[in-house]
Amino acid sequence: MNDQSPYLHPEYETLSREELGRLQLERLQQTLRQCMNSPFYKKRFDEMGLKPEDIRSLEDVRKLPFTTKQDLRDTYPFGMACIPLRQCVRLHSSSGTTGTPTVILHSQKDLDEWANQVARCLWMVGLRPDDVFQNSSGYGMFTGGLGFQYGAERLGMLTVPAAAGNSLRQIKFIRDFGTTAIHAVPSYVTRLHSVMVEQGVDPRKDTKLRVLAIGAEPHSEEQRRRIEQMMGVKAYNSFGMSEMCGPGVGFECQEQNGLHFWEDYYIVEIVNPETLEPVPDGEIGELVLTTLCREAMPLIRYRTRDLTRVLGRSCPCGRNHIRLDRMRGRSDDMIVLRGVNIFPIQIEKILMQFPELGNNYLITLTSEEENDFMIVEVEVANPTDDFRALQNLEKEVRRRIKDEILLTPIVKLVPKGTLPVSEGKAVRVVDKRTVYK
Ligand code: AMP
Ligand code: ZN
């Protein structure tokens with residue numbers, strides 16, 4: 001490791017597009033051969049009359065079948081394993097919202113690669129072995145815990161498995177251990193900051209914090225800027241999903257111009273979720289990922305349900321790995337209200353533009369008689385008795401949200417600390433509609 005190098009793995013990070021393509025094809029062919037060890041893929045390929053040898057170019061990816069979360073559920077727990085169970089050393093499971101669990105298996109080599117991916121991301125944003133990394137995200141089945149733990153250790157940092165919650169203890173650790181970097185979900189960072197304020201701790205003066213990795217849930221550019229401002233740090237967007245391994249799949253570089261997805265590890269496609277045909281660069285579609293380095297449970301053309309778009313394939317940082325826009329959210333998170341499609345992040349973007357508003361908000365969808373409507377509750381940043389000002393603010397927030405989503409919500413400003421806070425991924429939408437969803 002050369003601390004001066006901007007790249008942890010220059011041999012992969014700085015490949016030209018052409019070299020990346022060659023490497024991807026080679027790894028794809030290997031992955032397809034590996035997939036034939038799973039009865040699930042064997043059957044699916046047989047049904048389509050497809051053999052791994054039929055894939056001769058990267059364009060041929062489009063001949064391959066898609067894999068969905070339902071496939072993972074149908075084959076629960078071990079039906080997609082491509083190596084014997086005795087060679088697997090870890091599993092992560094997620095229950096998702098529907099309750100039917102899925103399982104992701106890992107071999108030791110898979111875990112090593114995963115740690116390399118995360119270490120590469122953290123190195124990219126300027127972290128080095130002298131840094132102290134506090135992982136304030138949930139451990140256990142949630143991959144943000146162990147994923148960052150092993151990645152930060154692989155880089156060589158002193159790594160603190162603080163886990164989520166217990167903000168007073170977090171702040172004590174940050175100060176006593178000289179923590180310079182934190183990983184947490186964005187909604188938890190804002191919570192941590194309010195406890196700092198209550199305790200009279202100024203993160204700029206009283207801590208050595210300089211880098212945050214925030215991710216695991218959708219958040220707007222406005223929220224990121226807010227977090228950077230209040231914590232006095234650079235905050236980098238981190239994308240991960242357990243089906244691919246966990247964190248380390250996509251991460252921003254210091255340019256903060258989109259998420260670099262590591263194409264030596266994944267083939268990235270953006271497709272129209274209805275036709276499943278590729279969309280042109282710049283157009284929003286569903287992210288589809290094919291793993292290239294996983295042996296226990298490779299996934300072919302996995303439909304992530306996450307909506308995003310391609311921003312570019314080169315970057316001033318010297319990496320040519322594809323850059324994707326921050327996620328809009330999952331197609332399942334999209335709110336359809338009176339026929340209008342809305343992503344919670346659109347509302348967040350507006351709320352974050354008001355310095356008078358705090359960071360916590362909740363969108364409730366509800367029905368009265370035949371009508372569905374939306375209530376946006378948002379905490380105010382500072383206590384005030386000026387009801388006139390509050391009323392005007394409410395009106396202005398309502399107007400700006402209407403401009404964005406074309407529907408008029410009911411806006412309620414509530415005192416700080418009244419809305420529920422979660423230590424894991426935030427719950428931003430509650431749907432109580434009875435008539436139509
Ligand atoms: P899980 O693997 O269950 O922890 O969740 C993975 C999902 O979390 C992804 O498919 C995304 O929907 C969401 N997610 C993860 N990272 C981000 C991020 N940086 N921005 C927006 N959504 C994210
Ligand atoms: Zn870059």
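Buried here means under 20% relative accessible area, exposed over 50%, and partly exposed in between, computed with a 1.4 Å probe on protein chains only. This is a predicted model, in which local features need pLDDT of at least 70 and side-chain atom pairs count only at pLDDT 80 or more, while totals for chains, interfaces and linings use all residues. Residues are numbered from 1 along each chain as its sequence is written, chains are lettered from A and ligands numbered from 1 in the order in which they are written, and side-chain values use heavy atoms, with hydrogens and water left out.

1. Gln229. With a relative accessible area of 58%, Gln229 is exposed. The residue is found in helix α10; helices (H or I, at least four residues) and strands (E, at least two) are DSSP runs, numbered from the N terminus. Arg204 is 25 residues from Gln229 in sequence, and their C-alpha atoms are 9.7 Å apart in space.

2. Gln170. In contrast to Gln229, which is exposed, Gln170 has 1% relative accessibility and counts as buried. Gln170 lies in helix α7. Leaving aside residues up to four places away in sequence, Gln170 touches Gln134, Ser136, Ala162, Ala163, Ala164, Gly165, Tyr188 and Leu192. Contact means heavy atoms within 4.5 Å.

3. Helix α8. Tyr188 and Leu192 are among the buried residues of α8, and 10 of the 13 residues in this helix are buried. The buried residues of α8 pack against α7 (167-177), β5, α9 (203-206), β6 (211-215), α10 (221-231) and β18 (357-368). The length of the helix also agrees with expectation: at 1.5 Å a residue, the 13 residues of α8 (186-198) should span 18 Å, and the end C-alpha atoms are 19 Å apart. The expected span is 1.5 Å times one less than the number of residues. After α8 comes Gly200, whose phi is positive, near 70°.

4. The nine-stranded sheet. Nine strands form an open sheet of mixed pairing, in the order β4-β3-β5-β6-β7-β8-β9-β14-β13. Two strands pair if DSSP finds at least two bridges between them. The edges are β4 (158-160) and β13; each has a single partner strand, so one side of each is left without a neighbour in the sheet. Helix α5 (residues 108-124) packs on this sheet and touches β3, β8 and β9, with its direction at about 20° to that of β8. Axes are lines fitted to C-alpha atoms, for helices over the stretch in contact, and angles run from 0 to 180 degrees between N-to-C directions. Three bridges join β3 (residues 132-135) and β5 (residues 181-184) in the parallel sense, and Asn135 stands opposite His183 in β5.

5. The zinc site. Which residues coordinate the zinc ion (ligand 2)? The donors are Cys253 (SG), His260 (NE2), Cys315 (SG) and Cys317 (SG), at 2.1 to 2.3 Å. Donors are N, O and S atoms within 2.8 Å of the metal (3.2 Å for Na, K and Ca); water is not among the atoms, so sites may look incomplete. The angles among the four donor atoms are 103 to 114°, and the site is tetrahedral, a label that four donors receive if all angles lie between 85 and 135 degrees. The spacing of the donor residues in sequence is C-x6-H-x54-C-x1-C. Cys253 is in the loop between β8 (247-252) and β9 (259-261), and Cys315 in the loop between β13 (310-312) and β14 (323-324), so the pair ties together parts that are 62 residues apart in sequence. Both Cys253 and Cys315 are buried.

6. Strand β11. Seven of the seven residues of β11 (residues 285-291) are buried, so the strand is largely enclosed by the rest of the structure. Strand β10 (residues 266-271) runs antiparallel to β11, joined by six bridges, with Thr290 as the bridge partner of Ile267. Four bridges join β11 to β12 (residues 302-308), also antiparallel, and Glu286 stands opposite Leu307 in β12.

7. Nine bridges pair β18 with β19 (residues 371-380) in the antiparallel sense; Thr364 stands opposite Ile375 in β19. Seven of the eight residues of α11 (residues 344-351) are buried, so the helix is largely enclosed by the rest of the structure.

Terms used
Tetrahedral: all angles 85-135°; square planar, octahedral: opposite > 155°, others 65-115°.
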